[in-house]
Amino acid sequence: MKQRFETLALHGGYSPEATTLARGVPLHRTTSYTFKDAAHAAGMFALEEPGYFYTRVSNPTQAVLEERVSLLEGCGRPDGTRTLALALASGTSAVFYAIINLARQGDEIVAASNLYGGTYSMFDAILPRFGVSVRMAGAGDVDAMAALVNDSTRAVYIEAIGNPGLDVADIAAYADMAHAKGLPLIVDATFATPYLLRPLEHGADIVIHSLTKWIGGHGTAIGGIVVDGDSFDWRNARFALYNEPDGSYHGKRYAHDFGDAPPYITRMRVVPLRNLGAAIAPDNAWMFLQ
């Protein structure tokens with residue numbers, strides 16, 4: 001049954017669990033999970049079996065939040081069989097992971113300059129220390145941004161509504177430019193929320209929210225989320241992180257070796273999140289679901 005936006009906002013991503021039939025989403029305040037046997041554990045850690053093995057990587061309460069936001073953005077599956085979002089400890093960590101999940105030392109990002117102050121500082125002063133350069137163009141100047149793209153560019157980054165200037169981006173124009181250059185478009189849509197705007201419907205490939213702001217709204221929790229529209233072809237050789245074997249994760253190639261799993265969000269979960277650890281607390285995930 002197709003559910004309207006308001007119903008998804010209240011109940012999306014959750015079916016009452018068989019043991020209790022509880023209507024409300026349970027708060028799973030646990031770090032660890034049990035395994036049936038060693039083979040089951042091995043399959044879980046290799047992402048060959050669905051489920052949970054450590055809350056730094058995933059948690060049942062967090063999973064409901066991820067699926068709900070995916071549904072609100074128009075790309076989720078009601079049965080939760082294909083996770084297209086990753087909730088994180090803050091909006092800032094969501095922005096950081098969104099970039100380092102596709103760019104490595106020597107790579108570049110092009111961005112509009114009308115950015116939230118923390119994001120601007122990250123792009124202007126911090127990412128360059130890790131060898132990732134960010135070239136910026138004036139707000140709304142798509143042609144100027146296109147001129148900044150070169151062989152080292154790995155993504156186009158904009159805010160749907162600039163913070164604090166409140167200027168509105170022409171997402172479709174940026175998407176057309178990015179795709180013509182063979183690049184994904186990343187949109188921070190914090191100020192709009194999917195109630196007012198779904199960037200994926202205008203050509204964006206990746207959407208970021210600081211859950212702390214309007215999606216949370218009640219000022220009691222900090223968190224962020226990245227939504228993968230699964231629309232970009234990561235098999236392009238330009239994206240070495242998706243086409244070369246990853247020695248940190250069983251030699252896997254994220255654009256080739258995970259079947260139906262979306263490459264971008266899968267890599268974000270098992271590389272930046274698993275190893276750097278900006279995990280959302282289950283309590284905060286539960287608060288956002290309220």
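This is a predicted model: local features need pLDDT of at least 70, side-chain atom pairs count only at pLDDT 80 or more; totals for chains, interfaces and linings use all residues.
Residues are numbered from 1 along each chain as its sequence is written, and side-chain values use heavy atoms, with hydrogens and water left out.

Along the principal axes, the C-alpha atoms of the protein fill a box of roughly 55 × 40 × 35 Å. The secondary structure comprises 12 helices and 7 strands, defined as DSSP runs (helices H or I, at least four residues; strands E, at least two) and numbered from the N terminus. Buried residues, meaning those under 20% relative accessible area with a 1.4 Å probe and protein chains only, make up 50% of the 290 residues. With contact taken as heavy atoms within 4.5 Å, 66% of the contacts between residues at least 6 apart in sequence join residues at least 24 apart.

The strands form an open sheet of 7 strands with mixed pairing, in the order β1-β7-β6-β5-β4-β2-β3; two strands pair if DSSP finds at least two bridges between them. Because β1 and β3 (133–137) stand at the edges with a single partner strand each, one side of each is left without a neighbour in the sheet. Neighbouring strands are turned by 20 degrees against each other on average, direction ignored. Axes are lines fitted to C-alpha atoms, for helices over the stretch in contact, and angles run from 0 to 180 degrees between N-to-C directions.

Within β3 lies Val134, which is buried at a relative accessible area of 16%. Beyond its neighbours within four places in sequence, Val134 contacts Ile109, Ala111, Phe123 and Leu127.

Helix α11 (residues 263–276) has 14 residues and should span 20 Å at 1.5 Å a residue; its end C-alpha atoms are 19 Å apart, which agrees. The expected span is 1.5 Å times one less than the number of residues. The helix α11 bends by about 30 degrees at Arg269, and Pro272 follows within four residues; the bend is the angle between axes fitted to the seven residues ending at a position and the seven starting there. Since 11 of its 14 residues are buried, α11 is largely enclosed by the rest of the structure. These buried residues pack against α3 (60–72), β1 (85–88), α4 (91–100), β6 (206–210), β7 (224–228) and α10 (240–243). Just after α11, Gly277 takes a positive phi of about 80 degrees.

Helix α4 is likewise largely enclosed by the rest of the structure, as 8 of its 10 residues are buried. Gly91, in α4, counts as buried at 10% relative accessibility. Leaving aside neighbours within four places in sequence, Gly91 contacts His209, Ser210, Gly223 and Gly224. The C-alpha atoms of Gly91 and Thr212 are separated by 7.3 Å, although these residues are 121 residues apart along the chain.
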